[in-house]
Amino acid sequence: MKCPHCNYEDSKVTDSRDVDDTVRRRRQCLDCGYRFTTYERIQTGNISIIKKDQRRESFDRGKIARGIHKACEKRPLPTGTIEKLVDDIESELMSTGRAEIRSSAVGEAVMNRLKELDHIAYIRFASVYRDFADITSLKKEVDTLIAGKPLASQLPLIPGEDFSTPVKRRKAGTVKKP
Ligand SMILES: [Zn+2]
């Protein structure tokens, strides 16, 4: 991405966020320091997702991003982590070079990445996606995580965080003292 000010070829990304199916990036020229914004969208028009009931729908980056955002809600992730994750998943799917991809493959790709990123977000996503039939199958998944190798930079657990019930948004000032 050439700098619109001095035409230098390289820039660094200072901020990145998803806006629908577009990624808005704040960039800074590595030469003159000029700041500019780019909107990027990967060409995905020719990829179809095959759903469980065999219906096809076109690939929707925003849908994946929303699912991941939900799973990562209130997790102490550095800015841009989720966008990077969605980028990685998108390129992984695109790099298969296939015109049709099963929705299950998309789900697995998301889970594999989340597993490496944050176990709480992973369990949240998996509990929706895998539709754990009961607490035993959920416990089994958690046990597998605990038995596996710890993440290089596992995030701290938020005290009181409970993923057995849906995460509710707490309004400031409405929390009653016990
Ligand atoms: Zn420049």
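Q: Which residues of H1 meet H3?
A: Ile64, Ile68 and Ala71 in H1 meet Val106, Val110 and Leu114 in H3. Contact here means heavy atoms within 4.5 Å. Helices (H or I, at least four residues) and strands (E, at least two) are DSSP runs, numbered from the N terminus.

Q: What kinds of residue make that contact of H1 with H3?
A: By class there are six nonpolar, no polar and no charged residues. Nonpolar covers Ala, Val, Leu, Ile, Met, Phe, Trp, Tyr, Cys and Pro; charged covers Asp, Glu, Lys and Arg; the others, Gly among them, are polar.

Q: What sort of model is this?
A: It is a predicted model: local features need pLDDT of at least 70 and side-chain atom pairs count only at pLDDT 80 or more, while totals for chains, interfaces and linings use all residues. Residues are numbered from 1 along each chain as its sequence is written, and side-chain values use heavy atoms, with hydrogens and water left out.

Q: Back to the helices. At what angle do H1 and H3 cross?
A: Roughly 35 degrees, and the axes of H1 and H3 (residues 103-117) come within 12 Å. Axes are lines fitted to C-alpha atoms, for helices over the stretch in contact, and angles run from 0 to 180 degrees between N-to-C directions.

Q: What about H4 and H5, at what angle do they pack?
A: About 155 degrees, with the axes of H4 (residues 119-129) and H5 (residues 135-147) 11 Å apart. H4 and H5 are therefore roughly antiparallel to each other. The cut-off for roughly antiparallel is over 145 degrees; under 35 is roughly parallel, 65 to 115 roughly perpendicular and the rest oblique. The crossing of H4 and H5 is right-handed.

Q: Which residues of H4 and H5 meet?
A: From H4, they are His119, Tyr122 and Ile123; from H5, Leu138, Glu141, Val142 and Leu145. That contact has five nonpolar, one polar and one charged residues.

Q: How many residues of H4 are buried?
A: Eight of its eleven, so H4 is mostly covered. Buried means under 20% relative accessible area, exposed over 50%, partly exposed in between (1.4 Å probe, protein chains only). Among the buried ones are Ile120, Ala121 and Phe125.

Q: What covers the buried residues of H4?
A: The cover includes H1, H3 and H5.

Q: Where is Ala71?
A: In helix H1. Ala71 is buried, at 4% relative accessibility. Leaving aside neighbours within four places in sequence, Ala71 contacts Leu114, Ala121, Arg124 and Phe125. The C-alpha atoms of Ala71 and Ser127 are 9.8 Å apart, though 56 residues separate them along the chain.

Q: New topic. How many salt bridges does the structure hold?
A: It holds 15. A salt bridge is a side-chain nitrogen of Lys or Arg within 4 Å of a carboxyl oxygen of Asp or Glu.

Q: Which residue does Asp18 meet in a salt bridge?
A: Arg61, at 2.8 Å, N to O. The pair links distant parts of the chain: Asp18 sits in strand E1 (residues 11-19), and Arg61 lies 43 residues away in helix H1 (residues 61-71).

Q: Is Arg61 buried or exposed?
A: Buried, with a relative accessible area of 4%. Asp18 is buried too, at 18%.

Q: What does Asp53 pair with?
A: Asp53 forms a salt bridge with Arg55, the closest N and O atoms being 3.0 Å apart. Asp53 is partly exposed at 45%, and Arg55 is partly exposed at 49%.

Q: Last one: where is Tyr39?
A: In strand E3 (residues 35-40). Tyr39 is exposed, with a relative accessible area of 57%. Not counting residues up to four places away in sequence, Tyr39 touches Thr22, Val23 and Arg24.

How values were computed
Left-handed = near helix turned anticlockwise from the far one by under 90°.
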